[in-house]
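Biologist: Could we go through this model together, beginning with the aromatic rings and then turning to helix packing?

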Amino acid sequence: LAHPPARAVFTELYDCWCYGAVATLSLCLLAMAYEHAYHLVRSFAEMEASVSFLTQLDKLVQLLESPIFAHVRLQLLEPAEHPFLVRTLFGVLMLLPQSSAQELLKGRLKCVATVTLTSWVLHTAEQQQQQQPRRSGTSGGTDDL
């Protein structure tokens, strides 16, 4: 977190929310602490996946569709700038059992793949255009026949 006041609020809330794994993940997503969120999700793999834990993850995925998490969804449009956000959400996807929340998140992450592919195609096309020699206004007379 770049701003000291935001960091102070995050730290205070973190001390209260850290007793719940999914609550801590939610706080990290809200505060855009995506690298920490990614490390939390990685640590979830070592935990026992209880029904309560999976239910909380399910609810978090549903909350990601609410207006309060709009900034998170919009940042998915820039996966190169927010790689830990993408990794975090893919990690959550891998932890969820087959469910409506899993399908919802999978659909959202398919958009990330589409955006990434589109960006790559556009970037490649721009590079190819820059590598082609510039054509002059005259064609040398062969095209006029």
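**Aromatic pairs and helix packing**

Biologist: How many aromatic pairs does the count come to?

Modeller: The count comes to three aromatic pairs. Please keep in mind that this is a predicted model.

Biologist: Which kind of pair do Tyr38 and Phe84 form?

Modeller: Tyr38 and Phe84 form a tilted pair, with 5.5 Å from centre to centre and 55° between the planes. The pair links distant parts of the chain, 46 residues apart. Tyr38 belongs to helix α3 (residues 34-44), and Phe84 belongs to helix α6 (residues 83-95).

Biologist: And is Tyr38 buried or exposed?

Modeller: Tyr38 has 15% relative accessibility, so Tyr38 counts as buried. Phe84 is at 23% and therefore counts as partly exposed.

Biologist: What about the rings of Phe44 and Phe53?

Modeller: Their planes stand at 85°, so the pair of Phe44 and Phe53 is edge-to-face. The ring centres are 5.2 Å apart. Both Phe44 and Phe53 are buried.

Biologist: Let us take Ala21 on its own. What does Ala21 touch, leaving out residues up to four places away in sequence?

Modeller: On that basis, Ala21 touches Phe44, Met47 and Phe53. Two of these residues, Phe44 and Phe53, are the edge-to-face pair discussed above.

Biologist: How far is the C-alpha atom of Ala21 from that of Leu40?

Modeller: The two C-alpha atoms are separated by 7.8 Å, while the residues are 19 apart along the chain. Ala21 has a relative accessible area of 23%, so Ala21 is partly exposed.

Biologist: Changing topic: where does Ala45 lie?

Modeller: Ala45 lies in the loop between α3 and α4. With a relative accessible area of 58%, Ala45 is exposed.

Biologist: And what separates the C-alpha atoms of Ala45 and Met94?

Modeller: The separation is 9.5 Å, for residues 49 apart along the chain.

Methods
Residues are numbered from 1 along each chain as its sequence is written. This is a predicted model: local features need pLDDT of at least 70, side-chain atom pairs count only at pLDDT 80 or more; totals for chains, interfaces and linings use all residues. Side-chain values use heavy atoms; hydrogens and water are left out. Rings of Phe, Tyr and Trp (its six-membered ring) pair if their centres lie within 6.5 Å; planes under 30 degrees apart count as stacked, over 60 as edge-to-face and the rest as tilted. Helices (H or I, at least four residues) and strands (E, at least two) are DSSP runs, numbered from the N terminus. Buried means under 20% relative accessible area, exposed over 50%, partly exposed in between (1.4 Å probe, protein chains only). Contact means heavy atoms within 4.5 Å.
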